[in-house]
Amino acid sequence: MSKAKQDKISPDLDTPTDMPKEAVEKISAALNTLLADAFALYLKTKNFHWHISGRHFHDYHVMLDEQSDAIFATTDQLAERVRKLGGITLRSIGQVSRLQTIKDNNDDYVPPREMLRELMEDNKHIAAAMRKAHQLCDENEDSGTAGLLETFIDETERRTWFLFEASRQEGSNAA
């Protein structure tokens, strides 16, 4: 299927908006990348949740479960925001794979501290991407999306903080 055919919005899905078409396309593209990253980070966090081991197993297992739930909770809101703007959103795992900027981790074993550090870096990456998307929203006077992103940035920073604290070396402020 050609790109033009994929990007064409069916008249049945043509949501009315007062935003210029170019703004809808740019913001939708940014949100779809964030959505793909949310799915990738959700699965990676679940992977580490399922495969965590060691003396802090229970605490890490619970923390990663809570974080994966919070990440998954963003997906519907991001996708629905794209639709509210009049854009089209993700339709498949293949599309997620093409758009995600979060790297998968398919290693057979990852030490717990490395899991936490990798997730911390991934969350930092997503927070930075959300800030860029927020700037795009500001430039296009899209306060609805900007407000949503502000909440998600705060939640992402909280996850980053928890992962940092959990991954620190004992008796040291070093990560």
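Biologist: What makes E141 count as exposed in this predicted model?

Modeller: Its relative accessible area is 74%, and exposed means over 50%, so E141 is exposed. E141 is found in the loop between α5 (112–139) and α6 (143–167).

Biologist: And what is its phi?

Modeller: E141 has a positive phi of about 55°, although it is not a glycine. Most residues other than glycine have a negative phi.

Biologist: Happy with that! Why is C137 called buried?

Modeller: The cut-off for buried is under 20% relative accessible area; C137 has 1%, so C137 is buried. The residue sits in helix α5. Leaving aside neighbours within four places in sequence, C137 is in contact with I27, D142, T145, A146 and L149.

Biologist: Now the rings: how many aromatic pairs are there?

Modeller: The count comes to three. In one of them, the ring centres of F39 and F72 are 6.4 Å apart and the planes are at 65°. Pairing needs centres within 6.5 Å, and edge-to-face needs planes over 60 degrees apart, so F39 and F72 make an edge-to-face pair. F39 is in helix α2 (residues 21–51) and F72 in helix α3, 33 residues apart.

Biologist: Which residues form one aromatic cluster?

Modeller: That cluster is formed by F39, Y42 and F72.

Technical notes:
Residues are numbered from 1 along each chain as its sequence is written. This is a predicted model: local features need pLDDT of at least 70, side-chain atom pairs count only at pLDDT 80 or more; totals for chains, interfaces and linings use all residues. Side-chain values use heavy atoms; hydrogens and water are left out. Helices (H or I, at least four residues) and strands (E, at least two) are DSSP runs, numbered from the N terminus. Buried means under 20% relative accessible area, exposed over 50%, partly exposed in between (1.4 Å probe, protein chains only). Contact means heavy atoms within 4.5 Å. Rings of Phe, Tyr and Trp (its six-membered ring) pair if their centres lie within 6.5 Å; planes under 30 degrees apart count as stacked, over 60 as edge-to-face and the rest as tilted.
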